[in-house]
Amino acid sequence: MQPIFLKPVLQEKIWGGSKLHTQFNLDLPNDSIGEAWCISAHPNGVSTVTSPNQFAGLGLDELYEQHPELFGEDHPTPFPLLIKILDANDDLSVQVHPDDQYADEHEGAGELGKTECWYIISAEPGASIVYGHHAQSREEFEQMVADGDWDHLLRRVVVKAGDFFYVPHGTIHAIGAGIVILETQQNSDTTYRVYDYDRRDSEGNLRDLHIQQSADVTQFPHQDAQATGESSDQEISAETHLLSNEFFSVYQWNIVDNLTVNLPKDYYLATVIEGKGSMTINGESFELNLADSFILPTKISHVEFSGNLSLIASNPE
């Protein structure tokens, strides 16, 4: 059994930049690329298998459907997770995501909600995120939105590289300018915008807002969601458990020289966020470079890493 490497899908965004090239060596068509969908089977951007050769050229959606033996006995449809690297050259819109029930009822049968989490790969000095709000009720929230009282409504948090944030459905949030993150999320592209700084798109139009839906799904009052772990010491090799919830578990694999990781779950997703090295599986070695993303299929019980690198890994629950 071999790892399945994937080619990312690049998404142009009004707030995107060029760090996916300068920081991760990805070839970009322009300087407005905001997201690399590294491991994705979502219809809005399907990652393509690059190796092994027997699966090369397949979309991850096709691989998941045609080869269930790679993903274990429990095989929910659709593919449950989506892994992204985001480059926020400008502030993202302030937004919120629904849960599965609301998404299914309002966005189409079978549409998933969106619970996510962020690992801060890099952040310029003083860079911040919106994480939560100060309204105590829906009524207060709606009034502050109507008044445009964003300074009092939105809760801002200064961040640095290595920070980790859990962003469940119902959490008001936004990534601020100067931040690059690795996002692990449910396989959903449903976003409700609360505020977009009155920005206009390339045709001069204000982008759509979704105030009614946002009020429907937002948690009142906001409560910070607690992750289960902290980022590991970058000076030692370690596997750090960052989070588990009903949708996924997330880990950081930090390698300084060597690290062996046991893989008790059916399959794992992983992306290299720093450094380079290699991994050995059943005696076969595979080179790893920045932004490489891959799936470790079921029946791979452990993997041996060497080099100096860091990965964010996850598995569906």
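Q: Why does the radius of gyration of the chain agree with that of a compact globule?
A: The chain has 317 residues, for which a compact globule would have a radius of gyration near 20 Å, and the chain has 19 Å, so the two agree. The radius is taken over C-alpha atoms, and the globule rule is 2.2 Å times the number of residues to the power 0.38. This is a predicted model, in which local features need pLDDT of at least 70 and side-chain atom pairs pLDDT 80 or more, while totals for chains, interfaces and linings use all residues. Residues are numbered from 1 along each chain as its sequence is written, and side-chain values use heavy atoms, without hydrogens and water.

Q: What makes domain 1 and domain 2 separate parts of the chain?
A: The chain is divided into domain 1 (4–217) and domain 2 (238–316), with bounds from an automatic or database domain assignment.

Q: What is the area buried between domain 1 and domain 2?
A: About 2,500 Å², with 76% of it on carbon and sulfur atoms. Buried area is the accessible area (1.4 Å probe) that two parts lose on being put together, summed over both. Phe5, Leu81 and Tyr119 supply 22% of what domain 1 buries against domain 2, more than any other three residues.
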